[in-house]
Amino acid sequence: MVKKSVHEINRKIEDGSVNVVTAEEMVTIVEELGAEGAAKEVDVVTTGTFGAMCSSGLMLNLGHSEPPIKIQKIWFNNVEAYSGLAAVDAYLGAAQISDTRGIQYGGAHVIEDLLRGKEVDVHATSYGTDCYPRKVLDTIISLEDLNEAMLLNPRNAYQKYAAATNSSKRTLHTYMGELLPNFGNVTYSGAGVLSPLSNDPSYETIGMGTRIFMGGAQGYVIGNGTQHSPSSGFGTLMLKGNLKEMNPDYLRAASFTGYGATLYMGVGIPIPILNEKLAAATAVRDEDIVTTIEDYAVGSRDKPVIRKVNYAELRSGSVQIDGKDVPTSSLSSFKNARKIANELKSWVKHGKFFVTMPVERLCTEGVAKPMKETQVVPLVKDVMSSFVVTIKRDQTVQDAAKKIWENSFNHLTVISDGGELVGILTAWDVSKAVAENCFDSVENVMTKKVLTCAPNEPVDLAARRLDRYGVSAMPVIDAQRRVLGIITSDNISKLIARRY
């Protein structure tokens, strides 16, 4: 039985005799030597990940102005930061978007600008007090001008991520990137074999006080991250690091189309091999890390699971969905994750980085709770019109005009002989066809690419879709594309009238 201490390993780091390998290399070592042999041979295993970590931010102190100001509101390059702390402290969230440039620029971009030595415009306002009389402040600062600039990231380095796909007929823009229609692609994130928490899933060496690689500098774990869900394999970390010591190679701002700003962070954690259990854990392979592919076409917190998948399949370039090869792509950079693991390995090997044990371990059980909501969100089925007028696609425009006249209804859902939705026809479509002396079949004049919604979808999402695409109605369909009802802008207007 192998048993080591952190003190022993740090002595080896100090005298240059330490044996340190990356998590990728450890897989082969354990295969060849077994867990016991690997535990005797290896002292430290390094990990790494580089991906979008929206729940990140910068805690900074500007220093006092003359005359002094107690900042009530503050903006950096027109990106608002939280200032309800003390006079000149502020917290700039990475995902906060610009007041003037929208989702193309946000807190993450300000943080990267500062790190790259750029100057940043500051505008602040205050209500004024006897001890802080100033009410308006405008200045320009750089990173060097700040007393403190600490990254305090509430949730980083997810143990693993659920992958994403899209069953709908339209492209979706999400925090998982662009999802193509009809299961056109699968996106995923995470470093798999190099993932820090996947290499110590019982959190034996990772917890409060663990020294880590963070953005190219030394940082610390300060606790479990928000939404920490160890029981389901989705652990997270809360991290702290000094921005002034970081390297822009490992900290990059980005903006996802249709979603907004995020911060790409490089994080690496050294795992001291204290026993055989840790040696075995750090030999985890991509094949061993299993996650789910979820359908983002459903705008709900609990998305349908399409299938289970492992990281080896995801990294292969394609996965099978319903017998079809679907291309996969990663939102995180495995190349940079490998670079981080190797740089951290070099630091340890050359005595520049010593390992630590946590002063408090992360909890290993529990799941993140959903939000408590005191107002019930109405669903589409609660407000839709169950009365729907349908027409077959081989019927004529004259038949459609008659149905609209007889039923005083502006929208006809067009169905196949089997009852499936194939199109939609409006009173305007019929009027245009008549004006153009076109009395062909409905199929020739109907809209074939139909926006639809599900009965259990929140009304808010349906309303957003109606507004976004400038349509006045959407058929409500089931999984077999049978029409259950229709939701119109009138339905939503009536709902709002009842609310207020």
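**Domains and their contact**

I started with the domain assignment of the chain, which gives domain 1 (6–54 + 152–361), domain 2 (63–146) and domain 3 (380–498). These bounds come from an automatic or database domain assignment. I note that this is a predicted model: local features need pLDDT of at least 70, side-chain atom pairs count only at pLDDT 80 or more, and totals for chains, interfaces and linings use all residues. Residues are numbered from 1 along each chain as its sequence is written, and side-chain values use heavy atoms, with hydrogens and water left out.

I took the contact of domain 1 and domain 2 next. Their C-alpha centres lie 32 Å apart. Domain 1 puts 20 residues into the contact and domain 2 puts in 16; contact means heavy atoms within 4.5 Å.

I looked up the area buried between the two: about 1,500 Å², with carbon and sulfur atoms giving 67%. Buried area is the accessible area (1.4 Å probe) that two parts lose on being put together, summed over both. On the domain 1 side, Leu243, Lys244 and Ala261 lose the most area to domain 2, together 34% of what that side buries.

Arg252 pairs with Glu112, the closest N and O atoms being 3.2 Å apart. The rule asks for a side-chain nitrogen of Lys or Arg within 4 Å of a carboxyl oxygen of Asp or Glu.

Which strands supply the domain 1 side? β12 (148–156), β21 (251–256) and β22 (260–268) each give at least two residues to the side that touches domain 2. β21 gives the most, with six residues. Strands here are DSSP runs (E, at least two residues) and helices are DSSP runs too (H or I, at least four), numbered from the N terminus.

**Backbone entries**

I checked the peptide bond from Glu66 to Pro67: it is cis, with omega near -5°. Pro67 sits in the loop between β4 (57–61) and β5 (73–76).

I then checked Asn78. Its phi is near 65°, a positive value in a residue other than glycine. Asn78 is in the loop between β5 and β6 (79–81).

**Annotation**

I found "domain: CBS" in the unreviewed UniProt entry, covering residues 384–441 and 446–500. Such annotations may be inferred rather than shown by experiment; feature names are shortened and positions use the numbering here. Over residues 384–441 the chain is 34% helix and 24% strand, and the end C-alpha atoms are 28 Å apart.
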